[in-house]
Each structure stands twice: as C-alpha cells, then as structure tokens.
Amino acid sequence: MTLYGPLPAQRFLQLLKRLTAGTPDRSYLEEVLDGILSTLEAERGLLLKVKPGGEVRVLASRHQDRTDVANAREAVSQFAVRQALSSPERFHHARQAARDRRYRTEEHRRGRRRVRSILALALALGADAGASADYQAVVYLDHRFQDIEFSENRRITVEHWLSLLELALRFREREFQFKRQERLARRSPGDGKEPEAAGDGPVPSPAAEPVEFFGLWTRSPAMLEIIETVKRLAASEIPVLVSGETGTGKGLLVKAIHLSSRRAGAPFISVNCGALPDNLLESELFGHARGAFTGAEADRPGLLLESDGGTLFLDEIGDMSGEMQKKLLRFLENRRFRPLGGKREVKCDARILSATRLDLREELERGRFRADLFYRLCGMSIRIPPLRERPEDIAGLAALFLRRWSAGMTLPAPELSPQAVRWLERYPWPGNVRELENLMRQVIALGHSEVSGAHLAALIRSDMRELAVPEKRFRLEEAVMEAERQAIRNALVQCVGNKSKAAGLLGITRKALYRRLSKYGLLKNGKARPKMKLQGETSP
C-alpha cells in the first residue's frame with residue numbers, strides 16, 4: 001500500500017480545503033475515518049466522544065467498505081478507550097484482544113463478533129480556540145483476522161488524519177457554541193445572562209431545537225444528522241437500507257425518504273418480508289396470472305407493478321429466504337420480472353427502499369444473506385439509534401404522544417412531573433419509541449392530571465406480567481398449532497370467508513382447509529365462523 005502516493009495526498013488536501021468552506025458534518029468525519037482505515041488497513045473505525053463520567057457517544061462509524069457500522073456502541077471496548085486516554089503516548093494497541101477478557105465488548109458477549117486486534121487513538125482537544133474541554137475524543141479501530149500494523153511511517157501519516165479530525169471537532173464545537181449563544185440572546189435579549197447547567201446531560205440537549213420532518217420528531221443530534229442525510233438524498237435514486245432495533249421508527253424514516261424525493265406524488269407501497277411464506281411473498285411482489293394456482297381466478301399485478309414510478313418498501317428484508325433473495329436480485333439487475341404463472345416479462349420502474357432489525361453484515365458472514373443482493377440494496381446505509389442512545393428525545397416525544405392521543409380520545413392531556421421525566425430518561429426502552437408511545441396511551445387512560453414516576457413504573461411492571469409466557473406454551477407442538485390456527489383465521493378474513501381463495505392463499509387444497517377448520521373448531525353449522533379479525537387488528 002502506498003502511504004504517500006498521490007491519491008491519499010489529494011484526498012487529504014481536498015478535505016483540508018473543505019474545512020474552510022463550512023462546518024464539517026458527519027459525512028466529513030466519515031471520510032477522514034476512511035483515510036485512517038485505508039492507511040492502517042483496519043476493518044472498522046469509530047470516532048468516539050467520551051464524557052468525563054465515561055459516557056461514550058459514537059460521532060461517526062465506518063467499515064472498510066465505506067458503509068456505517070451497525071450497533072456501533074456495542075463494538076467498543078471501554079477498557080481500550082480508558083487505556084488510550086490515560087496513556088502518556090495517547091494511544092493503546094492490543095494485538096491479542098480476543099484472548100484477554102478485559103477487551104470484551106457487548107457484541108462479543110452476545111456471541112456476534114470477536115476481534116483480534118484493537119487500536120485506540122486519543123485526540124488532542126483542548127479549551128483553546130473556542131473548543132470545549134468537557135469531553136475527549138478517541139478514534140477506535142479493530143480487525144477480526146489480523147494485527148493492525150502501527151509502524152513509525154504509518155503513525156506519521158495517521159497523525160495527519162487525526163489533525164484533520166481535531167480541527168473538524170473544534171470547528172463543530174465553535175459552531176455549536178455560537179448557535180447556542182445566539183438562541184440565548186433571542187430568548188433573553190435584555191439581561192445577557194446564561195442559565196446555569198442542570199446536571200451533566202448530553203451537551204446538545206439544552207440548545208438543540210426540535211425538528212419535525214414528515215412525521216419524525218427529534219432534537220437528537222444523531223437523528224438531526226440522519227434527517228440532513230435524507231434531505232441530501234432527495235434528488236437521488238440510490239437504494240437505501242435502514243437498520244435499527246424494533247420500534248425505532250424505520251418505517252417512518254423510509255416514508256420520509258419517499259416523501260422528500262421526486263417520487264413523492266407516486267405510490268408508496270410496503271410489504272413485510274418476514275410476515276409471509278415464500279409462495280405468498282412471491283405472489284404479493286410479482287403478482288400472478290390467472291390459473292397460476294388454485295384460487296387464482298384473475299390476473300393480479302403484484303406490489304412491484306402497483307409501485308411502478310413510486311417506491312416499494314421491503315420491511316424486514318433480513319427475514320427473506322434465500323430463494324426469494326435470488327428472485328429479488330434478478331429483478332434488481334434488469335428491472336424486469338415475470339409474474340407467477342405468466343408468460344412474458346414485465347418492466348417496472350420502482351425505487352426499492354428496505355429496512356431490517358438484523359445486522360446484515362453478520363447475516364452475510366453466516367451465509368444467510370446474499371452479498372450481491374446486499375450491495376444492490378445498500379447504496380446508502382442509515383442506522384437509526386435506539387431511544388436509549390438519544391435521551392434528548394424522550395421527554396419531547398412523551399409530551400407529543402400525550403397531546404396526540406389525548407386529542408384523539410377527547411381527554412385533557414396530563415402533565416409529566418419532573419420525577420416522571422427523570423424516570424423516562426433513565427428507563428432503557430427495549431421497545432424504543434413504540435414502547436414509549438404505548439406507555440403514554442396508558443397514561444392518558446389513567447386519568448391523572450399529573451403523572452409521577454411511580455405511575456409509570458407500575459404500568460411497566462403490569463406490561464411485563466402480561467408479556468410473561470406460560471410455561472406450557474414453550475411446547476413446540478402447541479406453538480405450531482396456534483400459529484396455524486391464526487394463519488387460517490387471517491386468510492379467511494382476507495378472503496371474506498371464501499374458502500377456495502383462502503386455501504389458495506394458504507397454499508393448501510380446499511379439502512385440507514376443511515380438515516383444519518374442523519380440527520381447530522373454526523366451523524359452525526358447517527360454515528367458517530365469520531366474526532374474526534386479522535391478527536393485530538382493532539375495532540374502529
């Protein structure tokens with residue numbers, strides 16, 4: 001590898017010039033990380049912001065193929081970060097990290113990934129030139145299969161990249177301080193006094209203004225950067241893969257990408273790839289011709305054609321089977337497909353956006369997801385941080401949900417006491433924003449004018465008891481029977497009681513359907529019971 005060749009030098013100078021053109025954003029930090037990864041031949045790189053109490057926030061993350069690192073905080077060894085910050089040399093190099101328990105990370109503990117070598121480099125940030133001294137920054141690098149070489153020549157090159165990061169962080173901090181003072185001046189033009197800080201919360205939270213973007217409400221710096229990324233993608237047709245835990249708002253973000261694009265006036269259609277078996281998913285996506293299977297009484301265009309000119313959202317793409325992945329890849333390669341049972345190929349111009357709760361890189365390594373399909377879907381990768389990583393949003397979202405649901409129920413919106421707000425900010429939110437919204441709906445039903453932390457804790461404990469699964473339900477046979485019973489109910493509702501269509505939807509014969517209806521007690525006077533709802537459906 002050429003460390004001092006024309007390409008690295010040209011990249012370095014371009015990035016240096018960009019510092020004078022405006023405040024460096026997250027993409028700038030990512031490009032500098034790319035330079036460090038290229039120089040050291042590391043596999044992953046993270047730029048970390050470390051608060052005095054040890055709290056770590058990921059400012060930027062990069063994989064060696066120039067995509068974001070999923071669940072980046074779980075990749076960090078706190079021990080390596082502390083060693084780099086306390087070392088006189090300002091770096092820490094662990095060549096056999098996998099053998100030393102002190103370097104174990106959250107992803108290692110969960111059995112997802114073990115790394116061989118770690119290199120943590122502390123940046124020199126000080127209070128000079130307007131920079132804030134209330135945090136430190138660390139570049140964190142790792143590799144699973146080889147030692148990260150940190151020779152003298154490479155160290156000199158890396159120091160140049162680190163100097164760019166130091167300048168970029170100082171410029172960002174100056175801009176933040178300037179905007180903060182500007183807002184304070186607008187709020188209290190007469191006295192010029194700055195309110196005292198209330199505790200050691202996240203730095204941006206006192207000053208960040210909330211933003212609502214196509215249904216997404218946030219004041220979190222991480223989410224604000226995501227929104228800026230979406231705005232920059234507005235004129236692009238690049239496929240986007242959104243990742244994040246369940247309940248973080250992946251569907252809302254994908255809808256925002258569609259609504260901010262030139263296809264906003266065209267159809268937006270979504271399908272959950274994990275909710276349907278292969279035969280149904282194929283029929284849903286590609287459509288079918290008349291007579292393609294039992295119950296196919298007419299041609300059906302399929303979701304791809306319905307979203308022609310617009311956007312097709314493939315939710316939970318990580319749950320798609322290998323066979324369906326192959327068929328989807330074939331369409332993405334030439335934008336043509338053949339409906340199930342059809343004789344001619346159909347051309348379709350639909351933008352494909354996808355989302356997953358899984359780490360698709362891990363699925364690639366385990367052979368459960370095709371690499372060629374991954375790179376077709378992941379033109380741009382966006383990771384939505386879980387709610388626990390953006391505490392700035394919790395109180396504001398809670399108040400928003402209280403107003404929204406109380407208006408819908410024609411009830412007065414209750415107030416959250418300071419104790420309740422502290423409780424919300426400390427709770428880990430395993431269900432993320434969806435769990436917070438559900439909790440606020442329950443709060444309104446309580447009818448209290450002011451909600452305390454004790455009220456919230458009681459509701460959470462109640463939810464946990466309801467989620468507890470009886471021991472007998474762990475028997476595989478009963479679980480399979482319950483799933484089959486529910487699938488038959490859903491099919492009957494979808495087909496409005498037509499048993500031939502329901503059998504075709506389920507992929508079984510009409511006779512087999514009658515046997516199961518009888519087995520599960522779903523027949524009344526020889527007819528399928530009519531009063532059934534789709535799973536998860538509520539009455540109006």
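These legends accompany close-up views of aromatic rings in a predicted model.

Residues are numbered from 1 along each chain as its sequence is written. Because the model is predicted, local features need pLDDT of at least 70 and side-chain atom pairs count only at pLDDT 80 or more, while totals for chains, interfaces and linings use all residues, and side-chain values use heavy atoms, leaving out hydrogens and water.

**View 1. Phe268 and Phe313 form an aromatic pair.** A search of the whole structure finds nine aromatic pairs; rings of Phe, Tyr and Trp (its six-membered ring) pair if their centres lie within 6.5 Å, and planes under 30 degrees apart count as stacked, over 60 as edge-to-face and the rest as tilted. Here the centres are 6.2 Å apart and the planes meet at 25°, so this pair is stacked. Phe268 lies in strand S9 (residues 268–272) and Phe313 in strand S10 (residues 311–315), so the pair ties together parts 45 residues apart in sequence. Strands (E, at least two residues) are DSSP runs, numbered from the N terminus. Phe268 is partly exposed at 23% relative accessibility, whereas Phe313 is buried at 4% (buried means under 20% relative accessible area, exposed over 50%, partly exposed in between, with a 1.4 Å probe and protein chains only).

**View 2. Phe331 and Phe337 meet edge-to-face.** Their ring centres are 6.0 Å apart, with planes at 75°. Phe331 is buried, at 1%, and Phe337 is buried too, at 4%. Together with Phe286, they form one aromatic cluster.

**View 3. Arg441 sits over Trp405.** The charged end of Arg441 is 4.2 Å from the centre of the Trp405 ring. A charge sits over a ring if NZ of Lys or CZ of Arg is within 6 Å of the ring centre and within 35 degrees of the ring normal.

How values were computed
Helix = DSSP H or I, 4+ residues; strand = E, 2+ residues; numbered from the N terminus.
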